[in-house]
Protein chains: 2
Amino acid sequence: MVTLKQLAKELNVSISTVSKALNNSEEIGKDTAKRVKELAHLYNYKPNKVALSLKQNKTKTIGVIIPNILNYFLAKVLFGIEREATLQGYNIITCVSNESLEKEKESLQLLANGSVDGFILSVAKETQMKRETEHFNKTIRNGLPIVMFDRVAHDVMCDKVIVDDFESTYNATKRLLAEKRKHIVFITTVDNVSVGKLRERGYNKAISETTTHTPLVLKINTRNNTSKKVKSFLMKHKTIDGVVAADSASGIISINTAVNIGLKVPEDISVIGFGSKSVSYHSIPQLTTIRQHAKKIGSAAAQQLIKRLELKKGASLETSTKIIKTSLIKSKSTL
Amino acid sequence: MVTLKQLAKELNVSISTVSKALNNSEEIGKDTAKRVKELAHLYNYKPNKVALSLKQNKTKTIGVIIPNILNYFLAKVLFGIEREATLQGYNIITCVSNESLEKEKESLQLLANGSVDGFILSVAKETQMKRETEHFNKTIRNGLPIVMFDRVAHDVMCDKVIVDDFESTYNATKRLLAEKRKHIVFITTVDNVSVGKLRERGYNKAISETTTHTPLVLKINTRNNTSKKVKSFLMKHKTIDGVVAADSASGIISINTAVNIGLKVPEDISVIGFGSKSVSYHSIPQLTTIRQHAKKIGSAAAQQLIKRLELKKGASLETSTKIIKTSLIKSKSTL
């Protein structure tokens with residue numbers, strides 16, 4: 001097992017620099033912090049947890065509450081949280097709220113009872129709809145800080161890590177307009193309420209800023225008939241030459257459907273969709289994707305929480321909202 | 001909130017029958033148990049947890065340890081565990097071992113410390129490779145039962161829930177042979193060691209039982225070049241008329257690649273792959289899939305653990321191994 005001392009020697013810096021870099025101290029420059037973390041990751045560096053928690057009288061454990069375990073984006077965020085926490089000597093305990101307010105409350109109670117030092121969570125759908133926040137505020141008042149990510153409760157004073165959903169589809173649509181696409185459709189599943197609306201607005205803004213067309217939105221209710229809906233839509237609207245898809249399946253299905261009805265991608269029609277790298281391989285040509293950097297969201301949330309947990313006695317830190325930008329990764333479904 | 005009494009009235013059975021059915025008592029017939037559970041699920045029945053745990057001096061919480069949160073199959077198993085546990089009044093706390101023996105040990109320790117009544121877990125790769133079992137045996141000796149699923153440690157005396165990996169590909173290959181396919185290839189990513197080997201053996205057995213051919217296996221190391229590998233393989237072996245894919249991405253990619261090089265699916269070539277329902281929509285024609293019933297695996301594991309946790313004092317229950325069979329769901333990529 002590698003020690004702080006060995007890391008310091010190899011990097012030619014002091015032990016205290018390594019320690020501070022791993023604990024996200026602002027005293028350490030970005031480049032140095034990055035070098036330290038990369039080497040620590042490479043050597044699979046693990047802090048001595050027993051010694052640490054004895055010294056600090058903390059559990060060194062973070063509670064994570066996610067709304068839906070079948071959502072790949074959330075699973076990747078959790079992966080990012082886990083990796084960052086491990087690097088900094090923290091354990092993770094996860095509960096799933098299943099989009100239920102009651103389960104979310106139960107999970108907070110279950111873990112707040114001495115098992116964890118703080119929480120990272122994404123708010124359940126039911127909680128968002130009912131606008132309940134008291135269980136979050138109570139947790140924070142009891143001395144357990146919360147970092148919210150993706151779906152956040154704006155009224156709660158806590159740290160937040162969010163995605164630029166609006167800008168992501170705005171930029172994707174602009175990209176297709178720059179290809180001289182004349183008739184761009186936005187395909188969405190109505191599933192993700194708040195995030196979905198922001199994405200639709202981004203598309204609408206780009207269209208109305210640049211063209212005189214009416215925005216054209218295809219809403220699909222159930223995932224299982226996406227193929228059929230997209231097919232009949234493309235057959236009916238022969239002038240469609242661009243697709244911005246609000247979820248990963250719709251993007252893949254749009255390409256495969258277009259090819260199936262004899263269109264050339266990207267010559268006749270360009271497609272951009274949300275999705276991870278692995279999903280982009282599910283179509284020929286490969287999908288140009290909007291990447292959300294889920295792991296980065298997770299590590300940013302973990303960094304922020306740990307920074308707060310390790311504040312010196314009496315020190316304070318204002319709550320912050322960090323925006324993790326999406327990237328447009330060009331592949332073969334656009335010009 | 002619906003009560004046991006109301007459920008009993010609506011079903012026209014006694015309160016004790018409802019309670020026993022929800023607790024998987026063997027005194028209750030299968031049909032009755034099913035009716036009770038369905039109604040309880042419909043009304044979102046929740047046992048009064050505080051009363052229960054006070055009475056029984058238990059945490060009414062199950063610890064789940066999964067090796068990899070980015071694996072969709074495991075996420076679905078977790079979903080199944082969660083659903084069954086909620087129905088029976090249990091909470092779930094999850095830790096991720098990230099395929100590491102050390103993390104697995106840490107997670108067991110972390111949760112065994114009074115947080116949970118027992119464990120459901122799938123063994124980390126590193127633990128399987130090193131054949132370590134002492135941490136499991138110690139946990140069981142300390143009075144916390146374990147149910148293992150999918151990747152199990154055969155040497156540990158505990159309940160297990162497994163999948164018929166061998167039979168699944170044996171049957172899929174037999175199916176293609178029944179279509180008079182002459183030249184069937186098995187495509188696999190070497191990723192999942194033990195499970196992958198069983199699947200390959202199932203294919204081998206079907207081929208050698210039925211034909212005089214040598215089995216033909218395409219092994220792909222990294223996921224990112226699956227498309228390229230499959231394409232050059234199909235271009236080189238023009239006589240291939242059947243594909244059995246050991247993971248979901250390979251199946252989808254095989255169809256899209258075959259279509260891309262001008263083959264007709266299923267006229268020229270049939271494809272069967274592992275995968276969930278949602279993945280099968282990612283290709284045209286849709287993929288005929290081997291379904292693993294992950295949620296059922298999860299609920300079977302939760303049922304078995306809860307049954308053991310709720311044994312009366314002095315009662316005993318032999319350890320059991322339950323096999324959850326896969327199904328072959330015919331779609332349009334086979335004749």
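**Exercise 1. Charged pairs across the interface**

How many salt bridges are counted between chain B and chain A? Find them, then describe the side of chain B that faces its partner.

*Solution.* 

Step 1. The count between chain B and chain A is 2 salt bridges, where a salt bridge is a side-chain nitrogen of Lys or Arg within 4 Å of a carboxyl oxygen of Asp or Glu. A quick word on what you're looking at: this is a predicted model, in which local features need pLDDT of at least 70 and side-chain atom pairs count only at pLDDT 80 or more, while totals for chains, interfaces and linings use all residues. Residues are numbered from 1 along each chain as its sequence is written, chains are lettered from A in the order in which they are written, and side-chain values use heavy atoms, with hydrogens and water left out.

Step 2. Zoom in on Lys103(B) and Glu82(A): their side chains form a salt bridge, at 2.8 Å from N to O.

Step 3. Now ask which elements of chain B do the touching. Helix H5 (72–87), strand E2 (91–96), helix H6 (101–112) and helix H12 (248–260) of chain B each supply at least two residues to the side that touches chain A; helices (H or I, at least four residues) and strands (E, at least two) are DSSP runs, numbered from the N terminus. H5(B) gives the most, with 7 residues.

Step 4. Chain B and chain A bury about 3,600 Å² between them, 58% of it on carbon and sulfur atoms. Buried area here is the accessible area (1.4 Å probe) that two parts lose on being put together, summed over both. In chain B, Leu70(B), His282(B) and Ile284(B) lose the most area to chain A, together 18% of what that side buries.

**Exercise 2. Into the core**

Which residues have the most contacts inside the largest nonpolar core?

*Solution.* 

Step 1. The largest nonpolar core has 60 residues, and Ile120(A) and Ile120(B) have the most contacts inside it. Such a core is a set of buried Ala, Val, Leu, Ile, Met, Phe, Trp, Tyr and Cys residues joined through side-chain atoms within 4.5 Å. There's also a second, separate core of 36 residues, which includes Leu111(A), Val116(A), Leu144(A) and Val152(B).

Step 2. Setting aside residues up to four places away in sequence, Ile120(A) touches, among others, Ile62(A), Val147(A), Phe149(A) and Leu305(A). Contact means heavy atoms within 4.5 Å.

Step 3. Follow Ile62(A), which sits in strand E1 (residues 61–66) of chain A. Its relative accessible area is 0%, so Ile62(A) is buried; buried means under 20% relative accessible area, exposed over 50%, partly exposed in between (1.4 Å probe, protein chains only).

**Exercise 3. A pair on one helix**

Where do Lys205(A) and Glu209(A) lie? Work out their setting.

*Solution.* 

Step 1. Both lie in helix H10 (residues 193–210) of chain A, 4 residues apart, about one turn of the helix.

Step 2. Lys205(A) and Glu209(A) form a salt bridge, with the closest N and O atoms 3.3 Å apart.

Step 3. Check accessibility: Lys205(A) is partly exposed at 39%, and Glu209(A) is partly exposed at 42%.

Step 4. For a contrast, look at Arg181(B) and Glu179(B), whose side chains meet in a salt bridge at 3.0 Å, N to O. Arg181(B) and Glu179(B) are both buried.
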